[in-house]
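Good morning, and thank you for joining. I would ask you to have the sequence and the model open while I speak.

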Amino acid sequence: MKARPWTALLHCILVSGLIVEAIEPVSTSLLLGTGAAMLGRKIYRYLYETCDENWVNFNATGLKYDLDTKLYGQHVAAQVILKAVTGFMKNENPKKPLVLSLHGWTGTGKNFVSQLIAENIYEKGMSSSFVHLFTATAHFPHEMHINTYKSQLQNWVKGNVTICPRSMFIFDEMDKMHPGLIDSIKPYLDFYESLDGVSYRQAIFIFLSNAGGENIVQVALDFWRDGREREEMQLKDLETALSLSVFNNRNSGFWHTGLIDKNLVDFFVPFLPLEYKHIVQCGLSEMVSKGHVPDKEVVEMMAHDLNYFPKEERVFSMQGCKVIPSRLDFYV
Ligand SMILES: Nc1ncnc2c1ncn2[C@@H]1O[C@H](COP(=O)(O)OP(=O)(O)OP(=O)(O)O)[C@@H](O)[C@H]1O
Ligand SMILES: *[C@@H]1O[C@H](CO)[C@@H](O)[C@H](O)[C@H]1NC(C)=O
Ligand SMILES: *[C@@H]1O[C@H](CO)[C@@H](O)[C@H](O)[C@H]1NC(C)=O
Ligand SMILES: [Mg+2]
């Protein structure tokens, strides 16, 4: 939490105290009453999240810092995300909401990056009431209820954007979402000035999926086999892989919805598979966040016992950094 609301609160107490002293004793009680009411309002505003700059305030420096220091092995994703989010948030008059689609192997940081974005926009991060996370299998599990889900989802998006234009919607397991459901939110992603009097242009939509992950792995593996640096890999090297696997995949419901044809997604963000050294980095920061002194020997032991692929070369971690929090407990 930032200190700002408290400072304002203190200021308020001080000012009302000074006024009371100066006019004593004529209308002390009256002023005290007003002071208490003001105080009450301030406290209420401090505790109750509102859609204003006290609670919703983009920190570009913070996002850059977090992407540079907390996200490992994702130089392409970090660069695209920083540019996309900063550009959008600094644009006073965006023509459409920001729509990002994050792709990649499991445990490579897709949810983690969404969290970093949320933390640098909303004071309360992921627990903000303006950030909404939908998981296909948890929120929309039964295909037979698709029509209920559709109207529910539309009402949620509309209702929440009405309350706060700067709302964020994260759709996890996008590749498992029913195409009809994706279709139902399509209008909100488009270039409309407003729909039924509600403008969606300040909103942020983030789609997460493993779609295209295997092709991204193939590109990364080719680089590795050619002895080239991972950091040489650029967005354009991966875009082709993504488009071949995702955009042209006739079996993928996600991509049958015109989301791509209509250019509603602003950025496709590839997440690279993680290597041993990134697992070690994740392990070290996990130790710190659990309150331990980071111990490289312990972390290396843990990282060594994880599974890597391809079998012969053991280049990329099978589960990425995802299992580290639970695994680490066996080693410390
Ligand atoms: N590149 C990374 N840098 C730093 N930490 C990471 C990275 N990738 C994953 N982690 C850590 O591992 C945890 C799990 O990763 P995350 O949930 O973001 O994976 P994911 O890409 O969403 O995987 P899945 O496709 O299985 O949902 C994160 O909370 C974070 O602590
Ligand atoms: C923005 O983030 C930076 C780096 O994390 C931090 O030092 C700074 O205090 C933040 N600014 C605001 C206004 O919160
Ligand atoms: C906002 O979205 C949440 C789901 O995240 C939903 O439960 C809630 O009813 C929505 N609010 C409105 C006003 O539609
Ligand atoms: Mg995930």
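Let me begin with a question: where is the place of Thr 108? Thr 108 sits in the loop between strand E1 (98-104) and H5, where helices (H or I, at least four residues) and strands (E, at least two) are DSSP runs numbered from the N terminus. Thr 108 counts as buried because it has 32 C-beta neighbours inside 10 Å. On this scale, buried requires 20 or more other C-beta atoms within 10 Å of a residue's own, exposed 12 or fewer, and partly exposed lies in between, with C-beta atoms placed from the backbone.

Before continuing, some conventions. This is a predicted model, in which local features need pLDDT of at least 70 and side-chain atom pairs count only at pLDDT 80 or more, while totals for chains, interfaces and linings use all residues. Residues are numbered from 1 along each chain as its sequence is written, and chains are lettered from A and ligands numbered from 1 in the order in which they are written.

The protein chain has 13 helices and seven strands, and buried residues account for 32% of its 332 residues. Its pLDDT, the predictor's confidence in each residue from 0 to 100, averages 88, and 87% of the residues score at least 70. Over residues 12-24, however, the pLDDT is below 50, and this stretch has 12 contacts in the model beyond near neighbours in sequence. Where pLDDT is low, the predicted coordinates should not be read in detail.

I return to Thr 108. Leaving aside neighbours within four places in sequence, Thr 108 is in contact (C-beta atoms, placed from the backbone, within 7 Å) with Phe 271, Leu 272, Pro 273, Leu 274 and Gly 320. The unreviewed UniProt entry annotates a "binding site" that covers Gly 104, Trp 105, Thr 106, Gly 107, Thr 108, Gly 109, Lys 110 and Asn 111; such annotations may be inferred rather than shown by experiment. Asn 111, in helix H5, is partly exposed because it has 18 C-beta neighbours inside 10 Å.

Next, ligand 1. Of the 17 residues around ligand 1, Thr 106, Gly 109, Lys 110, Phe 112 and Cys 321 come nearest; a residue is near if its C-beta atom, placed from the backbone, lies within 6 Å. Helix H5 (residues 110-119) gives the most to this shell, with three residues. Domain 2 (60-271) and domain 3 (276-328) both give residues to the shell, so ligand 1 lies between them; the domain bounds come from an automatic or database assignment.

What are the residues around ligand 3? They are His 132, Asn 155, Trp 156, Gly 159, Asn 160 and Ile 163. Helix H7 (residues 146-163) supplies the largest share, five residues.

Phe 134 belongs to strand E2 (residues 131-135).

Finally, some backbone details. The peptide bond from Phe 309 to Pro 310 is cis, with omega near -10 degrees, and Pro 310 lies in the loop between strand E6 (308-309) and strand E7 (316-317). Arg 314 has its place in the loop between E6 and E7, and its phi is near 50 degrees, a positive value in a residue other than glycine. Glu 173, in the loop between strand E3 (168-172) and helix H8 (179-189), has a positive phi as well, near 55 degrees.

Conventions: Contact = placed C-beta atoms within 7 Å.
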